[in-house]
Amino acid sequence: MKLIFNSLALCGAFIFFSSSSTHAVESKQGRLALFDGKLADAFRGYKQDSFPEKSWVIENGALKTIPGSEAVDLVTKEKFENFDLELDWKISPGGNSGIIYHVAEDLPQSYHTGPEMQVLDDSKHKDGGNPKTSAGALYAMIAPQNKVLKPVGEWNHARLLVQGHHVEHWLNGRKIVSYELGSPELEKLIGSSKFKDMPRFAKEKTGHIALQHHHDEVWYRNISIRKL
């Protein structure tokens, strides 16, 4: 009887540990929470030393832009080279934003160096009419394929994978864009885009990750990253 009890106790302890140790497993996998819905300590304003409280607010567990405020992008305090970023985003009607990576801060705007995964209301914003500037696109260069986009007001789950030269955009569980940094194909696309006169665009090997303030309301939550 004592042996049976000990076995059950061990089984119960294992079940308890398994169900309550998700965070520990994530930590072992190297996943870091950049924003847990309460503290935004991992972020500051672009070219600023602190969180831009006049431009962004924490609301219902999400980072949200303040409409009508100064358009200050949020950037990670840390720089990342190879990474697997995941987050949820929600956009306002007609809204526009973006997730920008390998950002340097010695130029006027984050997009002067960093490529952008577009965040957009495709149904009402004018950029939604062009696949290359629609939600999930490598902004102004590569249109998403096989995309499933949630309606305005609902959360979309995005993943941005950067490993060496290889980059993938994922949206709601589907890979929708992939490309190679520095490849002749991408350089040709850059050369025929608005970024052609930005000599450092997509050239940085590492940098900050930026959440774009484009004057419209946008929400970001559940932001985590794994260094590769």
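**Val57 stands opposite Lys64 in strand E4.** The model is predicted: local features require a pLDDT of at least 70 and side-chain atom pairs a pLDDT of 80 or more, whereas totals for chains, interfaces and linings use all residues. Residues are numbered from 1 along each chain as its sequence is written, and side-chain values rest on heavy atoms, with hydrogens and water left out. Helices (H or I, at least four residues) and strands (E, at least two) are DSSP runs numbered from the N terminus. Strand E3 (residues 56-59) runs antiparallel to E4, and four bridges join them; two strands are taken to pair if DSSP finds at least two bridges between them. E3 and E4 form a hairpin with two residues between them, and Asn60 in the turn has a positive phi of about 50°.

**Strand E4 (residues 62-65) directs Ala62 and Lys64 one way and Leu63 and Thr65 the other.** All four of these residues are buried, where buried denotes under 20% relative accessible area, exposed over 50%, and partly exposed in between (1.4 Å probe, protein chains only). E4 is also joined by two bridges to strand E13 (residues 218-227), and these strands run antiparallel. In E13, Tyr220 is the residue opposite Leu63.

**Arg159 and Asp84 form a salt bridge, with their closest N and O atoms 2.9 Å apart.** The pair links distant parts of the chain: Arg159 lies in strand E9 (residues 156-163) and Asp84 in strand E6 (residues 83-91), 75 residues apart. A salt bridge is a side-chain nitrogen of Lys or Arg within 4 Å of a carboxyl oxygen of Asp or Glu. Asp84 is buried at 3% relative accessibility, whereas Arg159 is partly exposed, with a relative accessible area of 22%. A network of salt bridges links Asp84, Arg159 and Arg226.

**A salt bridge joins Asp122 to Lys147, the closest N and O atoms lying 2.7 Å apart.** This pair also links distant parts of the chain, 25 residues apart: Asp122 is in the loop between strand E8 (116-120) and E9, and Lys147 is in the loop between E8 and E9. Asp122 is buried, with a relative accessible area of 19%. Lys147, at 25% relative accessibility, is partly exposed.

**Ser134 is located in the loop between E8 and E9.** Ser134 is buried, at 4% relative accessibility. The side chain of Ser134 reaches the backbone oxygen of Pro131 at 2.8 Å. With residues up to four places away in sequence left out, Ser134 touches Gln118, Leu120, Asp122, Asp127, Gly128, Pro144 and Lys147; a contact requires heavy atoms within 4.5 Å.

**The side chains of Glu204 and Arg200 meet in a salt bridge, at 3.1 Å from N to O.** Glu204 is partly exposed, with a relative accessible area of 21%. Arg200 is likewise partly exposed, with a relative accessible area of 27%. A search of the whole structure finds 13 salt bridges.

**Leu228 lies in the segment after E13.** Leu228 is partly exposed, with a relative accessible area of 36%. Not counting residues up to four places away in sequence, Leu228 touches Asn82, Phe83, Asp84, Leu161, Val162 and Gln163.

**The chain as a whole contains three helices and 13 strands.** Its average pLDDT is 90, and 87% of the residues score at least 70. Over residues 1-25, the pLDDT is below 50, and this stretch has zero contacts in the model beyond near neighbours in sequence. The pLDDT is the predictor's confidence in each residue, from 0 to 100. Of the 228 residues in the chain, 45% are buried. Among contacts between residues at least 6 apart in sequence, 66% join residues at least 24 apart. The chain exposes about 11,800 Å², of which carbon and sulfur atoms supply 56%; accessible areas come from the Shrake-Rupley method with a 1.4 Å probe, and for residues only the protein chains shown count as cover.

Definitions and conventions
A polar contact is a pair of N or O atoms within 3.5 Å; within protein, one must be able to donate a hydrogen and the other to accept it, and residues adjacent in sequence count only if both atoms are side-chain atoms.
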